[in-house]
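Hi everyone, thanks for coming. Let me put the structure up, and then I'll walk you through helix packing and strand pairing.

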Amino acid sequence: MSGDRGQAYTLEGVIGAIVIASALVLGIQAVNIEPWTDDGPEQGDELRAQVTDTLEIAQDQNALKPALLCLGGTDQSTPHPNILATSPDVTRLSAILNDTLDDASYTVYLNYKNTSVSPPVFNQTVIGQEGESTGSSVVVTRQIIMLDSDPVYDYNNRNCQRTDEELQDLPIDSVYLTDNSKSETYAIVQMRVVAW
Amino acid sequence: MVKNDDRSQLILIAAILIATTILGSVILLNTLHSDADITAHKDSQSVKQTERVTSEVTDNLRTLFFAFDSVSEAGEPLPYISNSNPSLFEENVTKYSRNYTELSTLSGTGVLDVTYDDSASISGAVFRQNGSGNEFPNSASPPIDVDASTPYMYFNISASSVTDSSSVDFEVEQGSGIALDKKSGGALEVTEGSSNIICQWGPSDLPDTIQIEVTNGTGEVRGDGTACGEIEIDDTTPITFENPGDATGQYIISVDSTNSVGASINDPDYRAAFTGIVDPMFDFTYEDPSLRFSVDIRLFGGNS
Amino acid sequence: MIPDDDRSVSIAITHALTIAISAVLISALLISAGNLLQKQEERVAQDQFNDIGADIVTHINSLDRLNATGKDANASVTPEYPNEVAGETYTIELSGGSKNPFGTEFALNISSPVYSRTIQYPLDTRHTDLEAGTTAQGSDPTITLCDQGTIVLGGGSECP
């Protein structure tokens, strides 16, 4: 009788080992899938392509300069904060941005060189409201050349109207850009759109 | 009792066996298995960025080229740099390149270096309407040779001024060139060659202005700024305006110096040509930690 | 007693048989577990090679477009990929001729000891030729657009 029970114990031990070993195999087999469930870089890529294309379309339709030269912001020398407002669209640029980026939020910044101080510094202004970006935001930049002969626009009653003045006619302090060349080029502005 | 000692020994051995089995299988399976390495997704951002920068800088240089001399000399943007000024233009391009890099490195790592290459640029002349009128000259005018290597050609025609519905009105070249044809019923067609319709509009959606812009043989037709078709010119055919009728608008045609007509046109219908560089060449280099790209870009794409 | 004697003999044999069978079962278990993990690794490696292959094809297509922007375009880009996939290094090669099932003139090959055959991706460039036969080691392959308008894998020294 005791001999049989010893055999049973051994058998139990061996079968127990088999069960635990197969449990281990099934456990280790599970690969870490957390990276694949991440929203990840693909979504950012699509948004970045969308914003890049939108800015290119805006440039093609000459929508960038009339908005960026519609002054009336802080101390009247920067672009008016309402140039990106919609319903109704204040500028062609706000219409384009609103139409193509209607399910994304974005903030537009302008970077430009201020050569009226020495040494020159780079200033940044934000147009309108600065939104709170989430972690996965994309940044797209585009540089625009402003010419001496570009027309200046005036913000009036939710509309940017063209004036008879050109950029070179404006006194130094009344425009955010500084004329940093004796030729036809007035300045370069970098438009930075952060979208999420 | 002897048998109890044997039992306990057996139980101990079984327990050790189980423990060894488990340990052994864990170690063995660990060496067989390797984790998925998920950092393989790389964004090819550098190269896409390079493409974008190339197109943006070419845009900016085009704006600079159009405005540089012509606004002060001719009063409007025209595609030429006067011959007396290439070094000033060169300076401005270098300055633009530096400014561009300064601004772009505020939020990125790419470095741009663009210089103007005068020796490889094409010189020639730019023709435009004479006087303050905006009518197109008639076919008796001396021709300008236009072919696939003509740097730049631009027409801006008022659609409502194209009126004749019984015969073709406003042809640029007879037969094989560009024509605007107002049909009876009010539809308007833009054709190239004798039968190739590039754009057409019905009477209800007629645009205000029609633009035709051709650089180096290829170009597009636009109605009120919206592109509607593409053009290809591969003939060496003189540009003459046939049947302009009452059509009004503007034209700008630049030719290179190998064109035999050049600046010798002395016709009241063509404004005295502005001579200078009509197709500039730029040496373009863009560099970033993982990529280096350099190319010689001719603004209007002439690659010969 | 006779019945006791019979039982002790059969106990020993039964015991031995039981342990032998269990040993066989456990080893069979371990071997099939190993096989399962191998398939798992192959699947993961395939996914990774797809990522890497698609990325290289994108780079080559972009260089192809950059070649059309002007004259004498040359470019050199070095993307970074993981050193090893599924524990093994891998090689990347451009192949030409008709050795690929896609019908395109060129194809991108990735070969690694993890697989017995090479993985191929179709390449269809519009403005540039590719230099078949150039190879690069996995982790930092350099893709170069040569002055003459050919794309090679490897640095400028590989240009024709």
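Helix α2(B) goes past α4(B) in a right-handed crossing, meaning that the near helix is turned clockwise from the far one by less than a right angle. This is a predicted model, where local features need pLDDT of at least 70, side-chain atom pairs count only at pLDDT 80 or more, and totals for chains, interfaces and linings use all residues. Residues are numbered from 1 along each chain as its sequence is written, chains are lettered from A and ligands numbered from 1 in written order, and side-chain values use heavy atoms, leaving out hydrogens and water.

Back to our pair: α2 covers residues 45-67 and α4 residues 86-104 of chain B, packed at about 140° with axes 12 Å apart. Axes here are lines fitted to C-alpha atoms over the stretch in contact, and angles run from 0 to 180 degrees between N-to-C directions. Helices are DSSP runs of H or I with at least four residues, strands are E runs of at least two, and both are numbered from the N terminus.

Who makes the contact (heavy atoms within 4.5 Å)? From α2(B), the residues include B:V53, B:L61 and B:F65, and α4(B) brings B:F89, B:V93, B:Y96 and B:Y100.

Now the strands, which pair if DSSP finds at least two bridges between them. In chain B, five bridges join antiparallel β7 (188-192) and β8 (196-201), with B:E192 opposite B:N196. They form a hairpin with three residues between them, and B:G193 in the turn has a positive phi of about 80°.

Over in chain A, an open three-stranded sheet runs β1-β5-β6 with mixed pairing.

Note on methods: Contact means heavy atoms within 4.5 Å.
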